[in-house]
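Please examine the sequence and the model shown here before reading the report.

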Amino acid sequence: MADRDEFGAFLVGFLVGALSGAVVALLFAPQSGEETRALIGERSIELRDRAVETGRQAASQARDYAEEAVETGRQAASQARDYAEDVVESAKKTVSRKKPA
């Protein structure tokens with residue numbers, strides 16, 4: 001679980017850092033307004049594409065975690081069912097031994 005939290009924090013930090021760096025670079029760049037607007041448009045498209053790709057990766061990772069959790073749940077349920085059956089069988093044997101013949 002901690003790995004997932006660390007990945008999320010890294011992802012947010014990466015996106016905020018990339019956006020902040022792009023804004024600072026654009027504001028301090030010695031270009032005309034038209035060139036700056038064109039550059040902002042290009043950078044925003046790049047950032048959007050990166051965000052979409054990162055979102056796809058996060059969704060894929062989330063699906064993997066969900067599948068793993070479902071499988072772990074199935075295994076736990078199966079083990080619990082087997083254990084319960086063993087307890088019931090043991091109880092039946094104990095009861096049948098204690099009955100007077």
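## Basis of the model

This is a predicted model, in which local features need pLDDT of at least 70 and side-chain atom pairs count only at pLDDT 80 or more, whereas totals for chains, interfaces and linings use all residues. Residues are numbered from 1 along each chain as its sequence is written, and side-chain values use heavy atoms, with hydrogens and water left out.

## The aromatic pair

A pair of aromatic rings is described by the distance of the centres and the angle of the planes. The structure holds one aromatic pair. The ring centres of F10 and F14 are 6.2 Å apart and the planes stand at 25°, so the pair is stacked. By definition, rings of Phe, Tyr and Trp (its six-membered ring) pair if their centres lie within 6.5 Å; planes under 30 degrees apart count as stacked, over 60 as edge-to-face and the rest as tilted.

Both partners belong to helix α1, which covers residues 2-28; being four residues apart there, F10 and F14 are separated by about one helical turn. Helices (H or I, at least four residues) are DSSP runs, numbered from the N terminus. F10 is exposed, with a relative accessible area of 56%, while F14 is partly exposed at 38%. In these terms, buried means under 20% relative accessible area, exposed over 50%, and partly exposed in between (1.4 Å probe, protein chains only).

## Surface patches

A nonpolar patch on the surface is formed by L19, V23, V24, L27 and F28, which together have about 530 Å² of accessible area. Accessible areas come from the Shrake-Rupley method with a 1.4 Å probe; for residues, only the protein chains shown count as cover. Patches are made of residues with over 30% relative accessible area and no salt bridge, where like charges are joined within 9 Å and nonpolar side chains (Val, Leu, Ile, Met, Phe, Trp, Tyr) within 5 Å.

A negative surface patch consists of D82, E85, D86 and E89. Lys and Arg count as positive and Asp and Glu as negative, while His and the chain ends are not counted; the place of a charge is taken as NZ of Lys, CZ of Arg, CG of Asp or CD of Glu. D82 lies in helix α2, residues 33-98, and is partly exposed at 40% relative accessible area.

## Salt bridges

The structure holds two salt bridges, each being a side-chain nitrogen of Lys or Arg within 4 Å of a carboxyl oxygen of Asp or Glu. In one, the side chains of R48 and D49 meet at 3.2 Å, N to O. D49 is partly exposed, with a relative accessible area of 41%.

In the other, E53 is joined to R56, and the closest N and O atoms are 4.0 Å apart. Being three residues apart in helix α2, E53 and R56 are separated by about one helical turn. E53 counts as partly exposed at 38% relative accessibility, whereas R56 counts as exposed at 55%.

## Distances along the chain and in space

Which distance separates the C-alpha atoms of V95 and E6? These atoms are 54 Å apart, and the two residues are 89 residues apart along the chain. V95 has its place in helix α2 and counts as partly exposed at 49% relative accessibility.

E46 also lies in helix α2, and its relative accessible area of 39% makes E46 partly exposed. From E46 to T94 the separation is 48 residues in sequence and 71 Å in space, C-alpha to C-alpha.

Note on methods. Helices (H or I, at least four residues) and strands (E, at least two) are DSSP runs, numbered from the N terminus.
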